[in-house]
Amino acid sequence: KKYALFAVDPDIMSLLYSPLIIIILLSGTSGQDSVSQHPSELSIREEETVILNCSYTAKYTGETLFWYIQYPGKSPKYILKRYDKAQGEILSEFSNRFSANLDKDKKTVPLSIARARFSDSAIYLCALSSTLIQGRTQPVQ
């Protein structure tokens, strides 16, 4: 079976009845930090494993990457966050089939969805938060 993942746009709602899966991924920048998601559309079959790629650039170290899911007509919903490899947290309802590993060398955090279901139809969003970590430059007295 094939099924559809679709955007919120009303003109695209008819894709719900299409045999294709379409995932719309967004990119964004904030200052010198940015995320880039690819592919912008993806077609798969039920029960397949899906990999959604997210690459990032961060001005400062201490980066934390987040994945969100947005169902039609709803606000984005938190899935997970990663701050080092597989370290972070994941919402319990996603923990059985969703996973991500942060690779700080390659600056990627791909989201893996095992055994894809029709209910996974949504927009997936990757987000970045980075923190300036400074050492003390003056001796403590």
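Q: This is a predicted model, so to start with the turn: how many residues lie between β4 and β5 in their hairpin, and which residue in the turn has a positive phi?
A: The β4–β5 hairpin has 6 residues between its strands, and Gly73 in the turn has a positive phi of about 75°.

Q: How do you know that β4 and β5 count as paired?
A: Pairing needs at least two bridges. β4 and β5 (residues 77-84) have 5 bridges in the antiparallel sense, so they pass the cut-off. Within β5, Leu80 is the bridge partner of Trp67.

Q: What makes β4 and β9 a pair?
A: The same test, with at least two bridges required. Here 7 bridges link β4 (residues 64-70) to β9, and the two run antiparallel, so they qualify. Tyr68 sits opposite Leu125 in β9.

Q: And what about β5 and β6: what joins them?
A: They run antiparallel and are joined by 4 bridges; with at least two needed, they count as paired. In β6, Gly88 is the bridge partner of Arg82. Their hairpin has 2 residues between the strands, and Lys85 takes a positive phi near 45° there.

Q: Which strands are called edge strands, and why?
A: The sheet is open, with 4 strands in the order β6-β5-β4-β9 and antiparallel pairing. β6 (87-90) and β9 (123-129) each pair on one side only, so they are the edge strands. From one strand to the next, the twist averages 15°.

Methods: Residues numbered from 1 in each chain as written. Predicted model: local features only at pLDDT ≥ 70, side-chain atom pairs only at ≥ 80, totals over all residues. Heavy atoms only, no water. Axes fitted to C-alpha atoms, helices over the stretch in contact; angles between N-to-C directions.
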